[in-house]
Amino acid sequence: MPVVDPRFSILSEDFAAAPHRHFARLRERSPVHYEPEIDSYFLSRHQDVRRVLTDHDAFTTETLQVRAEPVMRGPVLAQMTGAEHTAKRKIVVRAFTGPALQDQIRAVHANAAELLTPFLPLGRIDLVNDFGKPLAVRVTLDVLGLDRNDWQQVSAWLGGVGEFITGIVLAPERRRHCLDCAEQLEAYLVPIIEQRRRHPGADLISKLCTAEFDGIAMSTRDVTALVINVLIAAVEPADKTLALLFKHLIDHPRQLARVRRDPTLLPAAIAETLRYTPPVQLIPRRAEQDAEFAGTAVPAGATVFCMIGAANRDPDAFTAPDAFDLHRPDLGTARSFTAAAQHLSFGTGLHQCPGAAFARAEIETVAALLLPLLDDVRFSPGFRYRETGLYTRGPAALSLDFAPVRDRVTDQADGRPPGHVR
Ligand code: 2IO
């Protein structure tokens, strides 16, 4: 029988307000925390989380069949195993690295410059709602070869898809709404996928349509699921990571000044942001056999949630884990976006995020564009910082004031420095 702690719940408002305040107690006193209402186990120690994510026989991604498949309209990459997984993962990894990534960086830069321009003379921007959210959707639409003018509609559908996957307890009417969103997104995608099958281009949808596995092309259902998978995975964590990076740098002015002086420190700042406040806080698995963690039994068939935020602040893995420090000696920036990362924000093991290199390049490109333009950047007067979400988590908004800029940002793309109004 699992031990239930009646004084504490991960589903409480107290936890939702500031999860990191509970991480140390969970790791020390309740490293295998059981939540009766959702019949799930929450693991908070770095070593236990790593074990779950790398022992693929004992802990599988079967949980995604109920958590993701209904809104993905088919199986996602993380659900697959064996030769099918290896082959399809390779296609996706290739689409987000090497020469393909270079084109994507140009799309990131162009979209970022366009979105930013109207805010520069104002000297105020909400980095989440004015910028990060539309940017993430528009860039992903560009990569997929979809019409970026559809971004608002696609964004609304993705909201429903994301709510389904990341909802810990979902009311029946919300569930219905999420499924409606997914069905409409599918209806939007299917004719485009069928058209790309006949007339392939250089975009990712065409690559998925023409790729073969075991001599057989993927079905439209399989391509649809992978496209929705890419959409949600590239959109949901992106605005959060960008806003968290700026939040932490503004809170740590000396580190902000150093990054401004030396932009080669940006990858370290991004890696530390991911460690300190991972945008994906939970990764679910199913225990296939009886297991034991720190003396507590987890039965076969159980749903296990890896608590990435808690694992990333485990003193057994990082020194002074509750400090944001882009210079920390144990950060290992170069490894931070690879399978050898010590933080677990991209997961680890066979299913580790295939978009990690893209994520790094996207955030780095945008931050390198923003930093010189947002001179004297600070929180807007009266702005109250608030984070939301248990599964994916980030700022609800990030209202920033900065020195208004006279020239258009697009000048910057020509290499000319922007002019600040003094
Ligand atoms: C989409 C949670 C946004 C993924 C998921 C069902 C599978 C997988 C993840 C990330 C981020 C999402 N899991 N991306 O944690 O593709």
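Tutor: A cavity is a set of grid points where a 1.4 Å probe fits but cannot get out, and a lining residue has an atom within 4 Å of such a point. Please keep in mind that this is a predicted model.

Student: Which residues lie nearest the centre of the second largest cavity?

Tutor: Phe-15, Gln-281, Leu-282, Met-307 and Leu-390 lie nearest its centre, out of 15 lining residues.

Student: What is the volume of that second largest cavity, and which helix gives the largest share of its lining?

Tutor: The volume is about 90 Å³. Helix α16, residues 308-311, supplies the largest share of the lining with three residues. By class, the lining of this second largest cavity holds eleven nonpolar, three polar and one charged residues.

Student: How many cavities of 30 Å³ or more are found in the whole structure?

Tutor: The search finds three. The largest cavity contains about 1100 Å³ of space. It is lined by 49 residues, and the closest to its centre are Asn-229, Ala-233, Pro-237, Val-280 and Cys-353.

Student: Which elements give two or more residues to that lining?

Tutor: They are α6 (82-95), α9, α12, α13, α15 (266-276), β7 and α17 (356-373). Of these, α12 gives the most to the lining of the largest cavity, with six residues.

Student: How do the lining residues of the largest cavity divide by class?

Tutor: There are 32 nonpolar, twelve polar and five charged residues in that lining.

Student: Turning to the ligand, what is the space that it takes?

Tutor: The ligand's space is the largest cavity. The residues around the ligand are Leu-64, Ala-68, Met-72, Asn-229, Ile-232, Ala-233, Glu-236, Val-280 and Tyr-391. Taken alone, the ligand exposes 380 Å², of which the protein buries 82%.

Student: Which helix gives the most to that shell, and what are the residue classes?

Tutor: Helix α12, residues 220-235, gives the most, with three residues. The shell around the ligand consists of seven nonpolar, one polar and one charged residues.

Student: How far is an oxygen atom of the ligand from an N or O atom in the side chain of Asn-229?

Tutor: The distance is 2.9 Å. The cut-off for a polar contact is 3.5 Å between N or O atoms, so the pair at 2.9 Å lies within it.

Student: What about the second largest pocket?

Tutor: Its volume is about 400 Å³. Of its 18 lining residues, Thr-63, Val-66, Arg-67, Gly-167 and Arg-175 are the closest to its centre. At least two lining residues each come from α4 (64-67), β7 (282-287) and β10 (303-307), and α4 has the largest share, with three. The lining of the second largest pocket comprises nine nonpolar, five polar and four charged residues.

How values were computed:
Residues numbered from 1 in each chain as written. Predicted model: local features only at pLDDT ≥ 70, side-chain atom pairs only at ≥ 80, totals over all residues. Heavy atoms only, no water. Near = heavy atom within 4 Å. Polar contact = N/O pair within 3.5 Å; in protein donor to acceptor, adjacent residues only side chain to side chain. Areas by Shrake-Rupley, 256 points an atom, 1.4 Å probe, with all protein chains shown as cover. 1 Å grid on protein atoms, 1.4 Å probe; cavity = no way out; pocket = protein on both sides within 12 Å on 5 of 7 lines; lining within 4 Å. Sits in = over half its atoms within 2 Å of the grid points. Helix = DSSP H or I, 4+ residues; strand = E, 2+ residues; numbered from the N terminus. Nonpolar A, V, L, I, M, F, W, Y, C, P; charged D, E, K, R; others polar. Points joined across faces, edges and corners; volume = space filled by probe spheres on them.
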